[in-house]
Amino acid sequence: MPFREAHGLSGRAVFQAESKNVPLNQLTVEDLSAISPLFDGDVAAVWDYTSSVEQYSAPGGTARSSVTAQVQHLRRWLQDHAQ
């Protein structure tokens, strides 16, 4: 699915959660299936925020290892450029 379509479905899911006054991860499979038949029982894995963050381990990503590397890089830069 192209990103723009996935983004649109995500927006609809957010709207649905806001309409029901529930967190996004508390929408049922039925709620999500009404938005798109591509949502299935495995959708719960998407709402695992730790997995969501950890999947981006490239430089500049959100994974703990990536953030740690960025912090270390910045600390070295600050030491090299301190007056």
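Modeller: Let's start with a pocket: on a 1 Å grid over the protein atoms alone, it is an open set of points where a 1.4 Å probe fits, with protein on both sides within 12 Å along at least five of seven lines, and its lining residues have an atom within 4 Å of a point. The model here is predicted, so local features need pLDDT of at least 70 and side-chain atom pairs count only at 80 or more, while totals for chains, interfaces and linings use all residues. Residues are numbered from 1 along each chain as its sequence is written, and side-chain values use heavy atoms, leaving out hydrogens and water.

Colleague: Which residues line the largest pocket?

Modeller: Its lining consists of Met1, Ala6, Leu9, Ser10, Ala13, Leu24, Ser36, Leu38, Phe39, Val43, Val46 and Trp47. By type, the lining has 10 nonpolar residues, two polar and no charged (Ala, Val, Leu, Ile, Met, Phe, Trp, Tyr, Cys and Pro are nonpolar; Asp, Glu, Lys and Arg charged; the others, Gly among them, polar). The volume is about 260 Å³, taken as the space filled by probe spheres set on points joined across faces, edges and corners.

Colleague: Is methionine 1 buried or exposed?

Modeller: Buried means under 20% relative accessible area, exposed over 50%, and partly exposed in between (1.4 Å probe, protein chains only). Methionine 1 counts as exposed because its relative accessibility is 54%. Leaving aside neighbours within four places in sequence, methionine 1 is in contact (heavy atoms within 4.5 Å) with Ala6, Leu9 and Leu38.

Colleague: What does serine 66 touch?

Modeller: Serine 66 sits in helix H4 and is buried, because its relative accessibility is 5%. Not counting residues up to four places away in sequence, serine 66 touches Tyr56, Ser57, Ala58, Pro59, Gly60 and Gly61. A polar atom of its side chain lies 3.4 Å from the backbone nitrogen of glycine 60.

Colleague: What about serine 65?

Modeller: Serine 65, also placed in helix H4, is partly exposed at 49%.

Conventions: Helices (H or I, at least four residues) and strands (E, at least two) are DSSP runs, numbered from the N terminus. A polar contact is a pair of N or O atoms within 3.5 Å; within protein, one must be able to donate a hydrogen and the other to accept it, and residues adjacent in sequence count only if both atoms are side-chain atoms.
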